[in-house]
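I opened the notebook to record what I looked up in this structure.

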Amino acid sequence: MAHANPTAPQSATELQAQLEAAREGVAYIIWRRPDREQQILKLSAERLTIGRGEDVDIDLEGDEQVSRAHAELQRVGGAWVVVDDGISTNGTFVNGERVGARQRLHNDDLIGVGESGILFRDPASELPSPGPQAPERTRASAPTAAARELTATQRQVLIALCRPFSGGEGFAAPATNKQIAEELFLSVDAVKGHLRVLFEKFELGELPQNQKRLRLAELALQSGAVRPSDL
């Protein structure tokens, strides 16, 4: 069963909200309501329930494949685990693999509940899951590998591109070529050249031109190439 990643695609406003959540350094989850509104919840309690209705902490009302009491998130010894001890009808999945009873969560794991995807983020670890990943469901392996192969200048270009998300309220768009050039003392043509290479490294060549910059900023932040502390 495919569970849609709630951050793919997303708006600049949604990405900025995630950056603000990440700065607090605590684990959080992201999902979308039936009306497609993105939700972010910081995991400040020791135990949270997932299901449908007013009696759960994470309400997936509208997803008829979700049981009233479906699963739980629990903090165990400093780590988070997802628990489904057979209480759900259709099971709980992590990165497409069904959870037997409980499973430890890693940064960017995608929890599948019914037809909904819940993305787990742990800024303190910023480590990808060691388990199997599908590019359309979890953080893609290609962007993660690309993040490890960046030159110093390419990383500085990415940081400058993402810098508008670092503060303030409301909508933020990635920096323009001119803004990046002025910050890094490069020519606009040089910035364009670096961005062309980055689009290729992060496998964004097939996207429409007007979507590439935002998607690049998103992948840079998700993959760890740019961290909130860099901004």
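Predicted model: local features only at pLDDT ≥ 70, side-chain atom pairs only at ≥ 80, totals over all residues.

I looked up the strand order first. The open sheet has 5 strands, in the order β4-β3-β5-β6-β9, and their pairing is mixed. I noted β4 (58-59) and β9 (102-104) as the edge strands, since each pairs on one side only. Strands in a sheet pair through backbone hydrogen bonds, parallel or antiparallel. I then checked β6 (residues 79-83) against β9: the two run antiparallel and are joined by 3 bridges. For Val 82, I found the bridge partner Gln 103 in β9.

Which residues of helix α4 (residues 177-184) are buried? I listed Asn 177, Ile 180, Ala 181 and Leu 184. Viewed down the axis of α4, these buried residues lie within an arc of 100°, so they line one face of the helix. An α-helix has 3.6 residues a turn, so residues three or four places apart point the same way. I found that the buried residues of α4 pack against α3 (152-162), α5 and α6. Just after α4, I noted a positive phi of about 60° at Phe 185.

At what angle do α5 (residues 188-201) and α6 (residues 209-223) pack? I read about 80°, with the axes 11 Å apart. That angle makes α5 roughly perpendicular to α6. From α5, I listed Leu 195, Leu 198 and Phe 199 in the contact; from α6, Gln 209, Lys 212, Arg 213 and Leu 216. By class, I recorded 4 nonpolar, 1 polar and 2 charged residues in this contact of α5 with α6.

Key
Residues numbered from 1 in each chain as written. Heavy atoms only, no water. Axes fitted to C-alpha atoms, helices over the stretch in contact; angles between N-to-C directions. Helix = DSSP H or I, 4+ residues; strand = E, 2+ residues; numbered from the N terminus. Parallel < 35°, antiparallel > 145°, perpendicular 65-115°, else oblique. Contact = heavy atoms within 4.5 Å. Nonpolar A, V, L, I, M, F, W, Y, C, P; charged D, E, K, R; others polar. Buried < 20%, exposed > 50% of the residue type's maximum accessible area, 1.4 Å probe, protein only. Arc of directions from axis to C-beta. Pairing = 2+ DSSP bridges.
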